[in-house]
Amino acid sequence: MRGLRAALVAGVLGAATMSSGQEAKPAADPSTVVGPPRAGALTGDALEKRTHEVAALLRCPVCQGLSVADSPSTMATNMRGQVRDLVAAGYDQEQILAYFERSYGEFVRLQPPLRGVNWLVWLAPIVGLLGGGAVVWWALRRPHAGDAVTTEPLGEVPGRDTLPEDSGLAPFVLRIRERAYGWPGGVSPGAKTAAEPVA
Amino acid sequence: MTSAGSTATAAPRGLLNRRVLAVGLLFVIPLLVVLLMNLGRDPHAVRSPLVGRAAPPFVLSPAGGGAPVSLESLRGRPIVLNFWATWCAPCIQEHPALNAAASARSDVTFLGVVYQDEEARIREFQKRYGSAYPSLLDPDGKTAIAYGIAGVPETFFIDTKGTIVAKVSYALGADEIQGHLEKAAR
């Protein structure tokens, strides 16, 4: 079994290296994916700054909501390395984002590009704000139901000497008024007619 | 005046409630539809844009030494490309199935690509569990990035023309390998 496996491995390697003389080198030439570089090649501080700016627009695929610029993961470190290589080779921001998008899909962009259903993401907040403003304006402008009610007369207001209809309760109310307000017999001093306590 | 005023304000009030209800439903119903339609969907499963496209080329050295392996030189044979690591439990789980399939299918090329791991550990793993196919080293992770790897294991099935026909992001079983190989060998 071991021998068979070894033979298979050797066979695969032999087949794969028939057109040999090749060095181990990184994957696809980016220009075959996104066309020739459109920006100028950068070096030094400018290169680092641009690398950080572009990496901040890429989502780290192994993290939860972190950009490639912010994540300490190996994956993000490798991706930053690749961004740096692409920036150094003169690829512009859109080309670099497109290069990663080809492998990872639109998911890898932290800012959804303005196309197709993505327009909703950008327009919905503006539409919502304008719509909400319109509703508030309309609600403040229309006449309120309460406005009509306040103009109506209040009707009979119970006086301070009014007694409950319950004849058993009335003497207690008078006694409380006498104690609380000091009115003799529980009748207010200004009362036109003395309340008649029910016997 | 008061009675006329109160009837005039009462009528639009009922109308407003129905209007508010209609506008509310206009927002709520589409949201409910979207929610219900996506209930069974795994939000982490992002469909690979690479399926149906040409497999990104690479030239990588195998763990344990040997001449670099180039994907282009393998054109004409179905390829199973398995990104894995020794620290990944599902990779260890699927290893026997991949090994058995590689031994059984001499018409198919099986290749491992090491994801964020050390060569010494890979060699130790291969010695311990055996391996019917080589595992290639991807030290700067560029091949993993080109294939949109977000974790391991991830396995690509590539047909004889070099087009990716399937991508699987979990531990494969023997039946599933056979199923995808039928597509790739067509």
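Colleague: Hello! Which rules apply to numbering and to the predicted model?

Modeller: Residues are numbered from 1 along each chain as its sequence is written, and chains are lettered from A and ligands numbered from 1 in the order in which they are written. Side-chain values use heavy atoms, with hydrogens and water left out, while in this predicted model local features need pLDDT of at least 70, side-chain atom pairs count only at pLDDT 80 or more, and totals for chains, interfaces and linings use all residues.

Colleague: Thanks! How many helices and strands are there in chain A?

Modeller: Helices (H or I, at least four residues) and strands (E, at least two) are DSSP runs, numbered from the N terminus. From that end, the elements of chain A run α-α-α-α-α-α-α-α. The count for chain A is 8 helices and 0 strands.

Colleague: What percentage of chain A is buried?

Modeller: Buried means under 20% relative accessible area, exposed over 50%, and partly exposed in between (1.4 Å probe, protein chains only). Chain A has 199 residues, and the buried share of them is 28%.

Colleague: Which residue of chain B is in contact with A:F100?

Modeller: Contact means heavy atoms within 4.5 Å. Leaving aside neighbours within four places in sequence, A:F100 is in contact with residues of chain A including A:L58, A:M79 and A:V108. From chain B, the contact of A:F100 is B:I145.

Colleague: What is the strand order in the open sheet of chain B, and which strands stand at the edges?

Modeller: Two strands pair if DSSP finds at least two bridges between them. The open sheet has 5 strands with mixed pairing, in the order β5-β4-β3-β6-β7. Two of the strands of chain B have a single partner strand each, so one side of each is left without a neighbour in the sheet. Those edge strands are β5 (135-136) and β7 (164-168).

Colleague: Is B:V113 buried or exposed, and what is its bridge partner in β5(B)?

Modeller: B:V113 lies in strand β4 of chain B and counts as buried because its relative accessibility is 0%. Not counting residues up to four places away in sequence, B:V113 touches B:L60, B:L81, B:N82, B:F83, B:W84, B:L136 and B:D138. β4(B) and β5(B) run parallel, joined by 2 bridges. In β5(B), the bridge partner of B:V113 is B:L136.

Colleague: Why does B:Q126 count as buried?

Modeller: B:Q126 is found in helix α3 of chain B, where its contacts, beyond neighbours within four places in sequence, are B:S131, B:Y133 and B:S135. B:Q126 counts as buried because its relative accessibility is 19%.

Colleague: How far apart in space are B:R123 and B:S135?

Modeller: B:R123 has its place in helix α3 of chain B, and at 45% relative accessibility B:R123 counts as partly exposed. B:R123 and B:S135 are 12 residues apart in sequence, and C-alpha to C-alpha their separation in space is 9.4 Å.

Colleague: Which peptide bond is cis?

Modeller: Look at B:P153, found in the loop between α4 and β6 of chain B. With omega near -5°, the cis peptide bond is the one from B:V152 to B:P153.
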